[in-house]
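Q: Can you walk me through this one? I'd like to start with the surface, then the fold, then the packing.

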Amino acid sequence: MGTPGATLSAYRDKQSQARSILEAAKRGPLQSLTDRELDVREQPLTIYPRPKSVRAWVRFGPEAIRVDAKLVRSSPLAAGIEFRAGDQTFRCWVWGNAVTLADD
């Protein structure tokens with residue numbers, strides 16, 4: 001069990017990230033890899049029944065932002081992630097090297 005200060009700090013970090021995501025979303029659409037980039041006809045796809053917590057770089061229009069996300073699927077080179085901000089859920093494909101496992 002964490003300390004009350006650490007819990008409050010984590011809550012503020014999460015709220016700050018949500019504001020950053022929503023602001024970035026106003027400046028441009030969430031970018032995602034294309035089917036051609038994913039090579040969906042040739043590459044195997046893994047779907048995770050228990051998504052893993054990750055940190056990932058995503059791009060809204062020209063703006064890159066790092067988000068806390070869930071890894072919900074992957075291919076040998078890419079990661080399908082989802083993340084929330086406010087009442088919105090965002091989903092996209094990013095290159096695998098844009099993703100790191102989160103410290104839980």
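A: Terms first: accessible areas come from the Shrake-Rupley method with a 1.4 Å probe, and for residues only the protein chains shown count as cover. On that basis the protein exposes about 7400 Å². Carbon and sulfur atoms supply 51% of it.

Q: What are the ground rules for the model?
A: This is a predicted model, where local features need pLDDT of at least 70, side-chain atom pairs count only at pLDDT 80 or more, and totals for chains, interfaces and linings use all residues. Residues are numbered from 1 along each chain as its sequence is written, and side-chain values use heavy atoms, with hydrogens and water left out.

Q: How many helices and strands are there in the protein?
A: Two helices and five strands. Both are DSSP runs, numbered from the N terminus: helices are H or I with at least four residues, strands are E with at least two. The pattern along the sequence is α-α-β-β-β-β-β.

Q: In what order do the strands form the sheet?
A: The order is 4-3-2-1-5, in an open sheet with antiparallel pairing. Two strands count as paired if DSSP finds at least two bridges between them. Strand 4 (88–95) and strand 5 (99–101) are at the edges with a single partner strand each, so one side of each has no neighbour in the sheet. The twist averages 40° from one strand to the next. Here axes are lines fitted to C-alpha atoms, for helices over the stretch in contact, and angles run from 0 to 180 degrees between N-to-C directions.

Q: What holds paired strands together, in general?
A: Backbone hydrogen bonds, in either a parallel or an antiparallel arrangement.

Q: How many bridges join strand 1 to strand 2?
A: 11, with strand 2 covering residues 63–74. Thr46 has Ser74 as its bridge partner in strand 2. The two strands form a hairpin with two residues between them. Gly61 sits in that turn, with a positive phi of about 55°.

Q: And how many from strand 2 to strand 3?
A: Four, again antiparallel. This is also a hairpin, with three residues between the strands. Leu71 is opposite Ile81 of strand 3.

Q: What stands opposite Ile81 in strand 4?
A: Cys92. Strand 3 and strand 4 are antiparallel and joined by eight bridges.

Q: New topic. How much of the protein counts as buried?
A: 31% of the 104 residues. Buried means under 20% relative accessible area, exposed over 50%, and partly exposed in between (1.4 Å probe, protein chains only).

Q: Which residues touch the most other members of the largest nonpolar core?
A: Ile21, Val58, Phe60, Val67, Ile81, Phe83 and Val94, out of 20 residues in that core. Helix 1 (4–27), strand 1, strand 2, strand 3 and strand 4 each give two or more residues to this core. A nonpolar core is a set of buried Ala, Val, Leu, Ile, Met, Phe, Trp, Tyr and Cys residues joined through side-chain atoms within 4.5 Å.

Q: What is Ile81 in contact with, beyond its sequence neighbours?
A: Leaving out those within four places, the list includes Val54, Ala56, Val58, Phe90 and Val94. Contact means heavy atoms within 4.5 Å.

Q: How many aromatic pairs turn up?
A: Three, from a search of the whole structure. Phe60 and Phe83 are edge-to-face, because their centres are 6.4 Å apart and their planes are at 90°. Phe60 lies in strand 1 (residues 46–60) and Phe83 in strand 3, so the pair ties together parts 23 residues apart in sequence. Phe83 also pairs with Phe90, and that pair is stacked: 5.3 Å centre to centre, 15° between the planes. Ring pairs link Phe60, Phe83 and Phe90 into a cluster.

Q: What are the cut-offs for a ring pair?
A: Rings of Phe, Tyr and Trp (its six-membered ring) pair if their centres lie within 6.5 Å. Planes under 30 degrees apart count as stacked, over 60 as edge-to-face, and the rest as tilted.

Q: Is Phe60 buried or exposed?
A: Buried, at 1% relative accessible area. Phe83 is buried too, at 2%.

Q: Where is Ala85 found?
A: In strand 3 (residues 78–85). Ala85 is buried, with a relative accessible area of 1%. Outside four places in sequence, Ala85 is in contact with Ala18, Ile21, Leu22 and Phe90.
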